[in-house]
Amino acid sequence: EGMTNKEALAALRQEYQTAVKNADVITYDLGVNNFGVYTINRIDSGIDNPDNPKYDADFSELLEGEDYEKFMEMRTAVEKMLTKYVGESDPESAKFIQLLTDTFAYALIGYCVNFDKSMEIIYELNPDATVVVVSVQNLMKGMTAKIPGVEDEIPLGEIYGVLVEMANQYASKFSPYAKNNCYAKAGNVSLFLEDILAYDGNPYS
């Protein structure tokens with residue numbers, strides 16, 4: 001009470017840092033903002049309005065050097081996956097294909113960059129802690145999407161699941177911090193979106 005937002009944020013950061021320093025075991029369960037909130041928001045908004053200039057992102061402004069190179073590699077991989085399902089896209093669908101490609105690739109590189117930075121900070125604060133990393137879950141499992149100009153629906157959840165698994169592989173095997181952590185494979189939340197849509201406002205339901 002009586003603190004500015006900046007002061008409150010600084011106090012909250014200090015509280016978390018103190019908790020990390022004093023912990024014996026730390027559970028790391030992050031990635032929902034990379035793979036859930038961000039991707040679902042962009043896909044949903046892109047379906048409703050594929051011509052919205054808000055969704056034309058120049059990732060060279062957000063990523064530099066090695067991170068940008070990794071993003072472009074991931075973008076190429078995602079584009080190949082999507083092309084497998086939609087073939088050569090016509091002008092009507094090309095805009096949305098680009099949105100999906102950029103969104104999925106950025107979510108993946110964002111998770112990997114954030115993961116390594118988080119691990120770096122955790123081990124700086126507490127080099128002796130046991131860190132348990134919980135895998136990212138596929139929040140779009142079973143979902144399909146209809147793209148303008150493409151006759152059949154594409155298995156959005158299946159494609160998304162490949163990216164999530166790539167993130168999990170990075171965290172469990174390829175990250176410089178993978179060998180230091182314990183890794184826990186979580187089950188899939190297959191009804192996440194259905195649960196959200198059916199939510200009646202009662203926090204106990």
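**Largest pocket**

I looked up the largest pocket of this predicted model and found that about 470 Å³ of space lies in it. I then went through its lining, which is made of 17 residues, and noted that the closest to the pocket centre are Tyr16, Gln17, Val20, Ile121 and Ile122. The elements that give two or more residues to this lining are α1 (5-22), β1 (25-28) and α4 (91-125), and I recorded that α1 supplies the largest share, seven residues. Sorting the lining of the largest pocket by residue class, I got 13 nonpolar residues, three polar ones and one charged one.

**Cysteines**

How many disulfides does the structure hold? I found zero disulfides.

**Helix α5**

For helix α5 (residues 156-174) I checked the length against expectation: at 1.5 Å a residue its 19 residues should span 27 Å, and because the end C-alpha atoms are 26 Å apart, I noted that the two agree. I then listed the buried residues of α5, which are Leu156, Gly157, Ile159, Tyr160, Gly161, Leu163, Val164, Ala167, Asn168, Tyr170 and Ala171.

Conventions
Residues numbered from 1 in each chain as written. Predicted model: local features only at pLDDT ≥ 70, side-chain atom pairs only at ≥ 80, totals over all residues. Heavy atoms only, no water. 1 Å grid on protein atoms, 1.4 Å probe; cavity = no way out; pocket = protein on both sides within 12 Å on 5 of 7 lines; lining within 4 Å. Points joined across faces, edges and corners; volume = space filled by probe spheres on them. Helix = DSSP H or I, 4+ residues; strand = E, 2+ residues; numbered from the N terminus. Nonpolar A, V, L, I, M, F, W, Y, C, P; charged D, E, K, R; others polar. Disulfide = S-S within 2.5 Å. Expected span 1.5 Å × (residues − 1). Buried < 20%, exposed > 50% of the residue type's maximum accessible area, 1.4 Å probe, protein only.
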